[in-house]
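Please read these notes with the structure open beside you. They go through some charged pairs, then the nonpolar parts.

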Amino acid sequence: MSLDSHIEKVLWTKFQISKRVTELASQITSDFSSVSPPPLVVGVATGAFLFLADLVRQIQLPISVDFIRAESYGSGTESSGAPRISLDLKLDVKEKHVILVEDIVDTGNTLSCLIKHLESKGASAVSVCTFLDKPTRRKVHFELLGDGKYYQGFECPDYFVVGYGMDFAELYRNLPYVGVLKPEYYS
């Protein structure tokens, strides 16, 4: 059985993804080339792991990398709206500019929670680099911290998408593209 047969349509191919990640890394490199100390890049586990890996390999700065996990989906397709941090940072963010790397910004609940958490740990600024943004689903207005910037890979239509790190019930993360999962596989 091919995982590809579970996909209704491909929204972004691996080539389109690669090109956009290169553009984002170049923009981040340019924006932070004169920032000292260099930013700390924090991946939001688990969905952002492929995007984070591809992105940081192309950022031409001496960055540090860490992970944080905030859970809000469980095995469903809708955010619970009440994210909780289940894995905290190992590195100290005090007085540092943090770039949060997200797979997808949907309602804004998780992102708002994470920005507040980083602020409580003393981060001087928080930028966000999200692979996908679904502004039509936004329920919470989040504010970046300090002189934070917002980087967006692609604006995503309101479909349930999987691939390139994003999952349904921990499956489909390994797809090299982003596609719309057929409803019969999650309904």
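**Notes on the model**

1. Glutamate 23 has a relative accessibility of 33%, so this residue counts as partly exposed. The model is a predicted one. Glutamate 23 pairs with arginine 20 in a salt bridge, with 3.0 Å between the closest N and O atoms. Both residues belong to helix α1 and sit three residues apart, about one turn of the helix. Arginine 20 is also partly exposed, at 23% relative accessible area. A network of salt bridges links Lys19, Arg20 and Glu23.

2. The whole structure holds nine salt bridges. One of them joins lysine 121 to aspartate 88 (3.5 Å, N to O). Lysine 121 is in the loop between α3 and β6, and aspartate 88 in the loop between β4 and β5, so the pair ties together parts 33 residues apart in sequence.

3. Arginine 137 and aspartate 158 form another salt bridge, their closest N and O atoms being 3.7 Å apart. Is arginine 137 buried or exposed? Its relative accessible area is 17%, and the cut-off for buried is under 20%, so arginine 137 is buried.

4. In soluble globular proteins, nonpolar side chains tend to be buried together. The largest nonpolar core here has 30 residues, and Leu55 and Leu132 touch the most other members. Helix α1 supplies the largest share of this core, six residues.

5. A nonpolar patch on the surface consists of Phe49, Val65, Phe67 and Leu87, with about 320 Å² of accessible area together. Valine 65 is in strand β3 and is partly exposed, at 38% relative accessibility.

Notes: Residues are numbered from 1 along each chain as its sequence is written. This is a predicted model: local features need pLDDT of at least 70, side-chain atom pairs count only at pLDDT 80 or more; totals for chains, interfaces and linings use all residues. Side-chain values use heavy atoms; hydrogens and water are left out. Patches are made of residues with over 30% relative accessible area and no salt bridge: like charges are joined within 9 Å, nonpolar side chains (Val, Leu, Ile, Met, Phe, Trp, Tyr) within 5 Å. Accessible areas come from the Shrake-Rupley method with a 1.4 Å probe; for residues, only the protein chains shown count as cover. A salt bridge is a side-chain nitrogen of Lys or Arg within 4 Å of a carboxyl oxygen of Asp or Glu. Helices (H or I, at least four residues) and strands (E, at least two) are DSSP runs, numbered from the N terminus. Buried means under 20% relative accessible area, exposed over 50%, partly exposed in between (1.4 Å probe, protein chains only). A nonpolar core is a set of buried Ala, Val, Leu, Ile, Met, Phe, Trp, Tyr and Cys residues joined through side-chain atoms within 4.5 Å.
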